[in-house]
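Colleague: Could you take me through how to read some local features of a model, giving the general idea before each case?

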Amino acid sequence: MPELDAGPLAELPPGAMKRIDAEPCAIGVYNCGGELYAIEDRCSHDDGPLCEGDWDPDTCTVVCPRHGANFDIRSGRALTLPAYIPVDAYPVKVVEGDDPSVLVHDPKVLLLDEPAGNLDPRARIEMRELLK
C-alpha cells in the first residue's frame with residue numbers, strides 16, 4: 001500500500017499538528033492525546049485550509065478559519081454548519097525502529113478505488129455519501 005512519509009514521530013508529540021503536501025490536496029496529521037489521525041487540509045464547505053484553523057487536541061476537533069465549520073479529526077465528520085459534508089480521513093501508522101516515523105496512506109490510491117475518481121473532490125465526497 002503506497003504511503004506518504006509524515007516524518008519522525010518525535011515531530012508529532014501529543015498536541016502537535018503537521019501539514020504534509022500531497023495530491024489531490026495537502027493532509028493534516030494531528031496527535032490527539034497520543035493517537036495519530038490524518039484528514040485532508042480542505043474544508044468541504046469552502047475549501048478553507050483546515051491546518052490553519054484552531055484545533056483542540058482534547059476534543060480532537062479542528063475549526064475552519066474561513067467560516068468556522070468544525071470537523072472531527074478522528075473521522076473527518078463535519079460537526080457544525082456551514083459544512084455538512086465530511087472531509088477525507090486517512091489511515092496513519094507508526095513504523096517502529098531507532099527513529100520511529102509516521103506514514104499516511106497515500107490519498108491518490110484512495111481516488112483510484114473510488115467510482116467517481118475523476119470528479120472534483122467535493123463531488124466525489126457527495127457521490128460516496130449517496131452510494132453508502
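**Reading accessibility, charge pairs and backbone**

Modeller: Lys18 counts as partly exposed because its relative accessibility is 21%, where buried means under 20% relative accessible area, exposed over 50%, and partly exposed in between, computed with a 1.4 Å probe on protein chains only. This is a predicted model, in which local features need pLDDT of at least 70 and side-chain atom pairs count only at pLDDT 80 or more, whereas totals for chains, interfaces and linings use all residues. Residues are numbered from 1 along each chain as its sequence is written, and side-chain values use heavy atoms, with hydrogens and water left out.

Colleague: How many salt bridges does the structure hold?

Modeller: There are seven. One of them joins Glu3 to Lys93, with the closest N and O atoms 3.2 Å apart; this pair links distant parts of the chain, since Glu3 sits in strand S1 (residues 3-8) and Lys93 in strand S9 (residues 92-95), 90 residues apart. Strands here are DSSP runs (E, at least two residues), as helices are (H or I, at least four), and they are numbered from the N terminus.

Colleague: What does the salt bridge between Arg74 and Asp72 look like?

Modeller: Their side chains meet at 3.2 Å, N to O. Arg74 is partly exposed at 45% relative accessibility, whereas Asp72 is buried, with a relative accessible area of 9%. Elsewhere, Arg19, Asp21 and Asp41 are linked in a network of salt bridges.

Colleague: Which residues does Arg77 touch?

Modeller: Contact means heavy atoms within 4.5 Å. Not counting residues up to four places away in sequence, Arg77 touches Asn70, Phe71, Asp72 and Pro86. Arg77 is placed in the loop between strand S7 (70-72) and strand S8 (89-90), and its C-alpha is 6.5 Å from that of Val87, although the two are ten residues apart in sequence.

Colleague: Which residues is Ser101 in contact with, leaving aside its neighbours within four places in sequence?

Modeller: They are Gly7, Pro8, Leu9, Lys93, Val94 and Val95. Ser101 belongs to strand S10 (residues 101-105), and it counts as buried because its relative accessibility is 19%.

Colleague: How should I read the backbone, and where is Pro82?

Modeller: In general, most residues other than glycine have a negative phi, and most peptide bonds are trans. Pro82 is in the loop between S7 and S8, and the peptide bond leading from Leu81 to Pro82 is cis, with omega near 15°.

Colleague: What phi does Asp47 have?

Modeller: Asp47 has a positive phi of about 60°, although it is not a glycine. Asp47 lies in the loop between strand S4 (35-40) and strand S5 (55-56), and is partly exposed at 41% relative accessibility. Cys60 also has a positive phi of about 60° without being a glycine; it lies in the loop between S5 and strand S6 (61-63), and counts as buried at 2% relative accessibility.

Note on methods: Salt bridge = Lys/Arg side-chain N within 4 Å of Asp/Glu carboxyl O.
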